[in-house]
Amino acid sequence: MLIQIKAIINKYLLKAFRDKLFYALVIAAFIYIYFVSVLKFSNIENTYQFLIDFSISGMFNIGVILALILGVNEVRNEIQTKSIYLSLAKPVDRFTFLLGKLLGILIILLSYVSIIGIELIFLVGKTNPEMITNLIGAILLVFIKLAIISSFIQMLSLFLSPVLNVALTLLISIAGHMSMNYINFILTESYKGRGIFFIKLIKFILPGFEFFSITEALLRFKHISFGYYLEVIIYGILYILFILMISNLIFREKNL
Amino acid sequence: MSDCIIRTIDLTKIYKIKRFLKTEKVIGLDRLNLDIRQGSIFGFLGPNGAGKTTTIKILLGLLQPTAGEVYILGKDPRDIATKARIGFLPEMTYYENYLKIDEILKYYAGLFQMDPKLTRERIDTVLDLVGLTVFRKKFLHEYSKGMLQRLGLAQALLNDPELLILDEPTSGLDPIAQMEIREIILNLAKEGKTIFLSSHLLSEVELICSHIGILKNGKLVKWGTMNDLLKINKFFEIHLIPSDNFIDRIKEFDISQIPNEETLIISTESEEVKNNIIKIAAETDSKIIGIYPRKDSLEIMFKKLMLENNNAYSD
């Protein structure tokens, strides 16, 4: 199985690195963060807040675009062009095929996050070295968020058109960032209907991206424990596995 | 039973096509029974939409049948270990243009879990076999359709399979390349490999297949060895130069007549009619050039079968 996963990843990476779009997006993100860093505000605190806020969110947003470009058509295209017949006629499990594709996407996203992350650490770290630990943590959590988004994109690509996939992914991303307290506040202020339970249930099922946002702590130089990072990372990995299992159930029964 | 490579029992596939508020059922395969033995070259024929691709997809475990049973090398087609013993060449395949031949074959070798040494050996062997060795470092977008078809055959042979499922293997190839591919297929059969060949090129099937099955509207309407099936359709051809009243005398017979300049070619399946025609020719001073026992070509038999009962296939 490992040889098969390696083969699928290798092929995917060859495609991604020969596709100039990847480089274009990395360069765009690089330039974006550089411009954010050169903007100066009246006081140093505002300047850092702006830099951290916009860099982390920019890194995530461009990462979502990259994940969509990488994932929205990946399995779908193979089904439409029938090249999937050649792969699945070989002794490869459908789960292995999905896992290999997802890992390929995650390696690309990790490369992207690493390149941009190093730039950000360099820009912030030269004047604020005490921020670096939390900044690395924040960048790692951005990657985990992108990994969750990618697993969603892959799952949705098995049964939705690319347009619907993009729309739903963006919706999941936005809803995932809302905290439960915020949802409770909206519900108590504006909605008294019977659907409250279901809205809360949907929020519970959707990924809790609010746990991944540590910008506030970063700006206030708060210490974030290793345990917190570990919990959030484990939550992210389990969430990805959960989505991957659902994808496998859909894909296993799919007539090609 | 032990040498039975492909066996289907009442294999049925019904597609459900959703149309607004209704779901329409379309029969893809209707109780298909196949029994393909080791070492045979089985030609699988049928017009477009007859169910050939559906059958191949089920044999490869890509599609679930609605009913019936299917065994490939004695196992379920979805069995992963069984797939390692099968080679498959689809009719038309899109290959990723950003890859080189070496890279795509390494990918497939990886799916077969081959180690690097075996991968190198097998890639060298199959590229040599299909004549692509000198092009191995080229990107796939630089390839002609014929070269891609050769690549398809190369990847199908990568695992040295016991069963080879080929869907239109010579599609897009020039006549020389078609002959080369036919030669390869015949050699593979000599090595004891079983070939399942789906093709529209009836002359090709007639040349290389030991057995055939003809599918029509999802049903197997004819199957057996090539020799037996073509023997069934024996007929006589009488070539003669007719006299004036010969034509009037033979009107009563159910025969086919093809005028060819001053000669007439008469075909009949009946020995009795043949004898009567000869007798009339002698009586009317018609000159018989020759009497030839013939058997239908696969092409004629196929066309007759397709025209039987309905006009679903007429070109």
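Start by selecting Lys82(A), which sits in the loop between helix 4 (74-80) and helix 5 (83-88) of chain A. Helices here are DSSP runs of H or I with at least four residues, strands are runs of E with at least two, and both are numbered from the N terminus. Before moving on, note that this is a predicted model: local features need pLDDT of at least 70, side-chain atom pairs count only at pLDDT 80 or more, and totals for chains, interfaces and linings use all residues. Residues are numbered from 1 along each chain as its sequence is written, while chains are lettered from A and ligands numbered from 1 in the order in which they are written.

Lys82(A) has a phi near 70°, a positive value in a residue other than glycine. Most residues other than glycine have a negative phi. Lys82(A) counts as partly exposed because 15 other C-beta atoms lie within 10 Å; buried takes 20 or more other C-beta atoms within 10 Å, exposed 12 or fewer, and partly exposed is in between, with C-beta atoms placed from the backbone.

Next, stay on chain A and bring up chain B alongside. Here 23 residues of chain A are in contact with 26 residues of chain B, contact being C-beta atoms, placed from the backbone, within 7 Å. On the chain A side, helix 1 (2-18) and helix 5 each supply at least two residues. Helix 1 of chain A gives the most, with 9 residues.

Now hop to chain B and pick Asp160(B), in the loop between helix 5 (145-157) and strand 6 (163-167). Its phi is positive too, near 50°. Asp160(B) is partly exposed, with 14 other C-beta atoms within 10 Å.

Last stop: select helix 10 of chain B, residues 271-283.

Finish just after helix 10 of chain B, where Asp285(B) takes a positive phi of about 60°.

Key
The expected span of a helix is 1.5 Å times one less than its number of residues. Two residues are in contact if their C-beta atoms, placed from the backbone, lie within 7 Å.
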